[in-house]
Amino acid sequence: MELKKCKNCGAFINSESDFCNTCINTLSYNRTILKDYFDNGSATTFDSVVAVSDQTGVSPTIVQNYMVENNYIDSATLEKTSFASLPY
């Protein structure tokens, strides 16, 4: 295995994954929070990425990725958001 950098925090890792264990655990925890938020009916169809982020405390970038992956928003609308140009 090669030594590489975590795509999220930049820490050096020696594994097949693109993320370090800390980032994987954090991402998993954030996805659990978002899953609970959407499954419990706390979200409405008019909630924006920023509104969901404010309600859950999860980063807008992670909220946006989660919403696209789970078909809550269309990826074509991402070009219209303020987060589309961020280098994440």
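Start by selecting helix α2, residues 49-56, where V49, V52, S53 and T56 are buried (under 20% relative accessible area, with exposed meaning over 50% and partly exposed in between, using a 1.4 Å probe and protein chains only). Look down the axis of α2: the buried residues fall within an arc of 100 degrees, so they line one face of the helix. That arc is taken from the directions from the helix axis to the C-beta atoms. Helices here are DSSP runs of H or I with at least four residues, numbered from the N terminus.

A word on what you are viewing: this is a predicted model, in which local features need pLDDT of at least 70, side-chain atom pairs count only at pLDDT 80 or more, and totals for chains, interfaces and linings use all residues. Residues are numbered from 1 along each chain as its sequence is written, and side-chain values use heavy atoms, leaving out hydrogens and water.

Next, show α1 (21-39) and α3 (60-69), against which the buried residues of α2 pack, with contact meaning heavy atoms within 4.5 Å.

Then select L34, Y37, F38, V49, V52, V58, I62, V63, Y66 and M67, the ten residues of the largest nonpolar core. Such a core is a set of buried Ala, Val, Leu, Ile, Met, Phe, Trp, Tyr and Cys residues joined through side-chain atoms within 4.5 Å. Its largest share, four residues, comes from α3.

Notes
Helices (H or I, at least four residues) and strands (E, at least two) are DSSP runs, numbered from the N terminus.
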